[in-house]
Amino acid sequence: MLTDTQGVYIVAQTPFQADGAIDLPSIDTLVDFYSRHGADGFTVLGVAGEAAKLTAAEALAVAQRFMRRAGGKPVIVGVSNSSIAQLAELTAQVMDAGASGVMIAPPTGLRSEEEVFNYFAGVFARIGNVPTVLQDFPFSTGVWMSVPTICRLVHEFPQIQVLKEEDLPSITKITRLRASLERRIAILTGNNAMFLPLEMGRGVDGPMAGFSHPEMLSGVYRLLKQGQVEAAHDLFDIYLPLLSHENQSQWGVAVRKEVLRRRGAIACAAMRQPGPRLTAVDLAEIDLLLNRLQRRLGA
């Protein structure tokens, strides 16, 4: 049951070669890198994973490669799509391939909370009893879901076993959700884990986020679980300048991929077009931040 989910679920990048082709061997090195640095599970084909730039066949191939390399760790696959038919097709394929569940966000264009409810009613009528992560990310989707609407969805659809909460302010919404939900589901935080220590204090079960230094995510999570609040905040603070630099939408993904390349996790930092390309100035800023990070870690 995904309702018992806890720990660090890394939002994985999709590696590409310089010509834009998918780099399947780099998926293997990336999974190994994430696992060495404390990943408890993986989320693939999300917004940061450039899922919208993949064909249906590519999306399935990427998801399958991650699952094969995950070594039994749970893999959540993003299947969000305004087309319920296409969403249902990919859902069936990845669940057959061994996914632990799927992640679904409401599609852009829904203008009322009743439309949100009707959309998910249509989704679950097609995909059946598939464990689902509901993604609440209005700054990406343009769709705002209130606490009562999320509670209604959780009440009506037992398939929803996890909420990825990345509305802002996240901490107040998490508190209201924990007080209002009639059954317990796991709540994981997104937003690049920018508020992880405080969100853990509000009752989240861990981060579902991407960062070029996942050892920070796992380190902060485990310190907080041990009750070492000050130590967790101290560790978080060391990484915060780089973390916030990566928290800049698709441009931040380009930064993250460059850092992952430098750390040997992937062979190439390319994003599939359309996507930003880093300049010499951008690369020099990354040098600055990484050098400062190493000095602080050394101290």
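Reader: In this structure, is S249 buried or exposed?
Author: This is a predicted model. S249 is found in helix α11, and its phi is near 55 degrees, a positive value in a residue other than glycine. Residues over 50% relative accessible area count as exposed. At 61% relative accessibility, S249 is therefore exposed.

Reader: Is N192 buried or exposed?
Author: N192 is found in the loop between β7 and α8. Its phi is near 60 degrees, a positive value in a residue other than glycine. The cut-off for buried is under 20% relative accessible area. With a relative accessible area of 8%, N192 is therefore buried.

Reader: Which strands are the edge strands of the sheet?
Author: Eight strands form an open sheet with parallel pairing, in the order β7-β6-β5-β4-β3-β2-β1-β8. An edge strand pairs on one side only. The edge strands are β7 (186-189) and β8 (208-209).

Reader: What is the bridge partner of I10 in β8?
Author: Strand β1 covers residues 9-11 and runs parallel to β8. Two bridges join β1 and β8. In β8, I10 has as its bridge partner A209.

Reader: Which strands does α4 touch where it packs on the sheet?
Author: The direction of α4 makes about 160 degrees with that of β4. Helix α4 packs on the sheet, and the strands it touches are β4 (101-104), β5 (132-136) and β6 (160-165).

Reader: Which strands does helix α7 lie across?
Author: Helix α7 covers residues 170-180 and runs at about 160 degrees to β6. The strands it lies across are β5, β6 and β7.

Reader: What do the buried residues of α6 pack against?
Author: Helix α6 covers residues 147-156, and its buried residues are V147, T149, I150, C151, L153 and V154. These buried residues of α6 pack against α4, β5, β6 and α7.

Reader: Are α2 and α3 roughly parallel or roughly antiparallel to each other?
Author: Helix α2 (residues 56-69) and α3 pack with their axes 10 Å apart, at an angle of about 25 degrees. Angles under 35 degrees count as roughly parallel. Helices α2 and α3 are therefore roughly parallel.

Reader: How many nonpolar residues are in the contact of α2 with α3?
Author: The crossing of α2 and α3 is right-handed. From α2 the contact takes A59, L60, A63 and M67, and from α3 it takes L90, Q93 and V94. By class, the contact has one polar residue and no charged ones, and its nonpolar residues number six.

Reader: What is α3 relative to α4, oblique or roughly parallel?
Author: Helix α3 (residues 84-96) and helix α4 (residues 113-127) have axes 9 Å apart and pack at an angle of about 40 degrees. That angle makes α3, relative to α4, oblique.

Reader: How many charged residues are in the contact of α3 with α4?
Author: The crossing of these two helices, α3 and α4, is right-handed. I84, A85, L87, A88 and T91 in α3 meet Y119, G122, V123, R126 and I127 in α4. By class, seven residues of the contact are nonpolar and two are polar, while the charged residues number one.

Reader: Where is P169 placed?
Author: L168 and P169 are joined by a cis peptide bond, with omega about 0 degrees. P169 has its place in the loop between β6 and α7.

Reader: Where is P274 placed?
Author: The peptide bond from Q273 to P274 is cis, and its omega is near 0 degrees. P274 has its place in the loop between α11 (249-262) and α12 (280-298).

How values were computed. Residues are numbered from 1 along each chain as its sequence is written. This is a predicted model: local features need pLDDT of at least 70, side-chain atom pairs count only at pLDDT 80 or more; totals for chains, interfaces and linings use all residues. Side-chain values use heavy atoms; hydrogens and water are left out. Axes are lines fitted to C-alpha atoms, for helices over the stretch in contact, and angles run from 0 to 180 degrees between N-to-C directions. Helices (H or I, at least four residues) and strands (E, at least two) are DSSP runs, numbered from the N terminus. Angles under 35 degrees count as roughly parallel, over 145 as roughly antiparallel, 65 to 115 as roughly perpendicular and the rest as oblique. A crossing is left-handed if the near helix is turned anticlockwise from the far one by less than a right angle, and right-handed if clockwise. Contact means heavy atoms within 4.5 Å. Ala, Val, Leu, Ile, Met, Phe, Trp, Tyr, Cys and Pro count as nonpolar, Asp, Glu, Lys and Arg as charged, and the others, Gly among them, as polar. Two strands pair if DSSP finds at least two bridges between them. Buried means under 20% relative accessible area, exposed over 50%, partly exposed in between (1.4 Å probe, protein chains only).
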